[in-house]
Amino acid sequence: MTRGPAQLQLRRRSARLAAVLRAATAVGAALVAVVGFAPPARSVWVAVAVVGLLLWSGLFTVLTLRPEPRPWLYAGDVAVVLVLCLAQGNLVPAEVLEASAGSGWIDMVASTGVFIAQFMLRQPLAMTAAIAIAAAHAVGGGIREASVVLVLQGLLAAAVMVLLRHGARRADLALAEEASARASARARSAARTDELDQQRLLHDTVLATLTMVGTGSITRDSAALPERAAADLAVIADLRAHPHIARDVAQVPAPLDVALRTVVLTRRVGLPSLDIEFDVPPLDLPHEVVVALSQAVAETLTNVAQHANTRAARVSARRVGQGVAVEVCDRGGGFDPVAVPSHRRGLRESVYGRMSAVGGSARAVSSPGAGTRVVLRWEP
């Protein structure tokens with residue numbers, strides 16, 4: 001599935017919120033556990049649980065704030081919460097276990113776990129996690145109002161996230177439509193400009209010669225007629241060879257984001273489909289550069305589908321001065337670039353060669369078992 005800028009921004013903000021919630025709740029829960037310690041809670045159990053929670057929260061916060069946190073992280077958070085809920089009979093005082101509302105430190109951790117699951121996991125997995133946490137809470141501390149509240153919290157958070165994700169998808173669709181309309185308008189403008197240039201060129205050459213012949217300025221026997229006719233025929237031959245390009249369009253600006261999105265959405269016949277994360281802001285670059293970058297990305301994604309033994313990839317781009325850096329990453333099997341046989345021309349010609357032809361560069365960073373990152377750079 002391809003994620004646009006709005007969906008990526010929503011995911012990043014959700015990840016930050018999840019990290020803050022887990023860290024703050026862990027510190028608060030640890031203080032409540034220590035200050036409010038009372039039987040039947042066991043001191044050893046509480047100490048191990050508190051230290052484990054703090055360590056996990058630190059690891060969770062650090063990994064969540066990284067650029068590409070992995071899904072197992074949030075599944076791990078659910079697992080930690082489930083264990084604490086099941087063991088709460090040995091972790092909280094009797095007064096807390098007898099209370100109908102969730103007022104203990106385990107209740108704090110469980111509630112946060114429900115929210116984090118809704119923020120970071122897809123449905124129906126997220127709601128399944130919330131129900132599992134509520135069930136573990138009821139098993140570990142008895143059926144109370146708090147267990148029902150956990151389910152209600154999950155439903156509320158899930159509804160909010162569904163609305164936010166739907167809004168993000170609509171925003172990305174609107175951005176894509178706007179970019180497509182902008183590209184179409186530029187294409188029409190460029191085509192009209194080319195048409196006018198061709199008309200002017202014909203007017204200044206062929207039509208001018210015919211006018212001179214018609215008015216008698218040049219006669220059939222004139223020595224100048226063959227020379228002008230030869231020049232005009234050369235112009236016509238050039239227009240026939242390049243019917244849509246009456247001028248050099250290599251430096252005409254073109255939208256890189258539209259070209260790369262087209263590449264990402266293009267089906268690769270005969271190859272496995274890829275789940276591609278797309279993070280390319282609107283960028284206008286010279287036409288020849290956009291063509292080279294999009295063709296190089298297409299070849300790289302073909303290599304991922306064919307050789308990487310993975311269904312996931314990421315295509316991203318960022319401004320570098322007046323140029324751009326495009327990255328195609330996967331977490332597949334990887335390879336040793338030095339060991340690629342000389343007769344394999346995929347990277348060497350279709351990626352490195354294309355970028356070199358427009359004054360850019362390409363670099364593949366990979367090793368067996370560590371995935372691959374291909375970086376394409378161009379600067380004027």
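Helix α10 has 21 residues, which should span 30 Å at 1.5 Å a residue, and its end C-alpha atoms agree at 30 Å apart. The expected span is 1.5 Å times one less than the number of residues. This is a predicted model: local features need pLDDT of at least 70, side-chain atom pairs count only at pLDDT 80 or more, and totals for chains, interfaces and linings use all residues. Residues are numbered from 1 along each chain as its sequence is written, and side-chain values use heavy atoms, leaving out hydrogens and water.

**Overall make-up**
- The protein holds 11 helices and 7 strands. These are DSSP runs numbered from the N terminus: helices are H or I with at least four residues, strands are E with at least two.
- Of the 380 residues, 41% are buried. Buried means under 20% relative accessible area, exposed over 50%, and partly exposed in between, with a 1.4 Å probe and protein chains only.
- Among contacts with a separation of 6 or more, 75% join residues 24 or more positions apart. Contact means heavy atoms within 4.5 Å.

**Helix α10 and T302**
- The buried residues of α10 are V289, V290, A292, L293, S294, A296, V297, T300, L301, N303, V304 and A305.
- T302 lies in α10, which covers residues 287–307. T302 is partly exposed, at 22% relative accessible area.
- Not counting residues up to four places away in sequence, T302 touches R268 and L271.
- T302 and S273 are 29 residues apart along the chain, and their C-alpha atoms are separated by 10.0 Å.

**Helix pair α1 and α2**
- Helix α1 (residues 5–35) packs against helix α2 (residues 43–64) at about 165 degrees, with axes 9 Å apart. That makes the two roughly antiparallel.
- Axes are lines fitted to C-alpha atoms, for helices over the stretch in contact, and angles between N-to-C directions run from 0 to 180 degrees.
- Angles under 35 degrees count as roughly parallel, over 145 as roughly antiparallel, 65 to 115 as roughly perpendicular, and the rest as oblique.
- The crossing of α1 and α2 is left-handed. Left-handed means the near helix is turned anticlockwise from the far one by less than a right angle; right-handed means clockwise.
- On the α1 side, the contact includes A15, A18, R22 and V27; on the α2 side, it includes V46, L53, S57 and F60.
- The residues of this contact divide into 14 nonpolar, 3 polar and 1 charged. Ala, Val, Leu, Ile, Met, Phe, Trp, Tyr, Cys and Pro count as nonpolar, Asp, Glu, Lys and Arg as charged, and the others, Gly among them, as polar.

- Helix α6 (residues 125–141) has 17 residues and reaches 24 Å between its first and last C-alpha, close to the 24 Å expected.
- Its buried residues include M127, I133, H137 and G141.
- The axes of α3 (residues 72–86) and α6 come within 7 Å and cross at roughly 20 degrees. That makes α3 roughly parallel to α6.
- The crossing of α3 and α6 is right-handed.
- V78, V81, L82, C85 and L86 of α3 meet A129, A132, I133, A136, H137, V139 and G140 of α6. The residues of this contact divide into 10 nonpolar, 2 polar and no charged.

**Q118**
- Q118 is found in helix α5 (residues 105–120). At 0% relative accessibility, Q118 is buried.
- Leaving aside neighbours within four places in sequence, the contacts of Q118 include A126, M127 and A130, along with M161 and R165.
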